[in-house]
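Keep the view open as you read.

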Amino acid sequence: MNTKPSSFRLLCFNSRRSIAPLASMAVTSAEEVLPPVLDSTSDPPPLFDGTIRLYTSYICPYAQRVWIARNYKGLQEKIQLVPIDLGNRPAWYKEQVYPENKVPSLEHNNKVTGESLDLIKYIDSHFEGPALYPDDPNKRQFAEELLSYTDTFNRAVIFSLKGDSENEISAAFDHIETALSKFNDGPFFLGQFSLVDIAYAPFIERFHPLLLDVKKYDITSGRPKLVSWIEEMDKIEAYKQTKLDTQELVDALKNRFMAN
């Protein structure tokens, strides 16, 4: 499908604003100390030496998806984080690592691959740890439908931020509420925690406070399933380790989306 990239994708690709200071926004557990952000003055790591590396950005929601999957699978010691300053990225990243010059990307088995939805599936299928994809064929089919809807959901919210109408925002979150009502064996999209929750969590984490601030719109109002989902997501340590300071995040997003 040929669609325009969302502003979030642009943020994770060609940002000209300096966002390296936001590395301090990540809240991590005591078990992992976040590595410093690499910029244009930084030397590359010893590439293709057998180390598995996740090239990421602490501000990018697409990269956060893969970070969550890595954490949930318990791969903090196996997959090394390499955070990139997207506002002042090192030339070697494009020249030697990932010609697409965006994050996330994963260095594994002497090759580098990208695209967040592909990578969370890759990590789930190629590494040990709790399974993130259900065996139930009905749930697998619904998972694929929801994963396919993520870009539509994100665009509907982002493109409505500057407009006067809340119709598209309401429709997008009504769709989420309906999806969360399909299975009754747990509070998550497929009942139990899965790749689908990982796919949506970084964006809902951002949209919730941003819409409250910009539009005075509460995404949880009249949506009890979404309320429960947010509460349960906040209990998952793998996700909590990647969350950002809410006010600093809102300020950064307003600067990105509302500046013009």
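Start with two helices, H2 (residues 61-72) and H7 (residues 195-214), whose axes come within 8 Å and cross at roughly 130°. Keep in mind that this is a predicted model. How do H2 and H7 lie to each other? Angles over 145 degrees count as roughly antiparallel, and 65 to 115 as roughly perpendicular; the rest, apart from the roughly parallel ones under 35, are oblique. H2 and H7 are therefore oblique. Their crossing is right-handed.

Now look at who makes the contact. From H2 come Pro61, Tyr62, Gln64, Arg65, Ile68 and Ala69. H7 answers with Ile198, Ala199, Pro202, Phe203, Glu205 and Arg206. By class, the residues of this contact are 8 nonpolar, 1 polar and 3 charged.

Next, turn to the pair H5 and H6. Helix H5 spans residues 137-160, and helix H6 spans residues 167-180. The two axes come within 9 Å and cross at roughly 155°. Angles over 145 degrees count as roughly antiparallel. H5 and H6 therefore run roughly antiparallel to each other. The crossing of this pair is left-handed.

The H5 side of the contact is made by Phe142, Leu146, Tyr149, Phe153, Ala156, Val157 and Ser160. On the H6 side are Glu168, Ile169, Ala172, Phe173, His175, Ile176 and Ala179. Sorted by class, the contact has 11 nonpolar, 2 polar and 1 charged residues.

Stay with H6 and find Asn167, which belongs to this helix. Is Asn167 buried or exposed? Its relative accessibility is 60%. Exposed means over 50%, so Asn167 counts as exposed. Then look across to Ala156, one of the H5 residues in the contact with H6. Asn167 and Ala156 are 11 residues apart in sequence. In space, their C-alpha atoms are 9.5 Å apart.

Finish with helix H8, residues 224-233. Which of its residues are buried? They are Leu226, Trp229, Ile230 and Met233. Seen down the axis of H8, these buried residues fall within an arc of 95°, so they line one face of the helix. What covers them? The cover includes H6, H7 and helix H9 (237-240). Two of these names have come up already: H7 in the crossing with H2, and H6 in the crossing with H5.

Key
Residues are numbered from 1 along each chain as its sequence is written. This is a predicted model: local features need pLDDT of at least 70, side-chain atom pairs count only at pLDDT 80 or more; totals for chains, interfaces and linings use all residues. Side-chain values use heavy atoms; hydrogens and water are left out. Helices (H or I, at least four residues) and strands (E, at least two) are DSSP runs, numbered from the N terminus. Buried means under 20% relative accessible area, exposed over 50%, partly exposed in between (1.4 Å probe, protein chains only). Axes are lines fitted to C-alpha atoms, for helices over the stretch in contact, and angles run from 0 to 180 degrees between N-to-C directions. A crossing is left-handed if the near helix is turned anticlockwise from the far one by less than a right angle, and right-handed if clockwise. Contact means heavy atoms within 4.5 Å. Ala, Val, Leu, Ile, Met, Phe, Trp, Tyr, Cys and Pro count as nonpolar, Asp, Glu, Lys and Arg as charged, and the others, Gly among them, as polar. The arc is that of the directions from the helix axis to the C-beta atoms.
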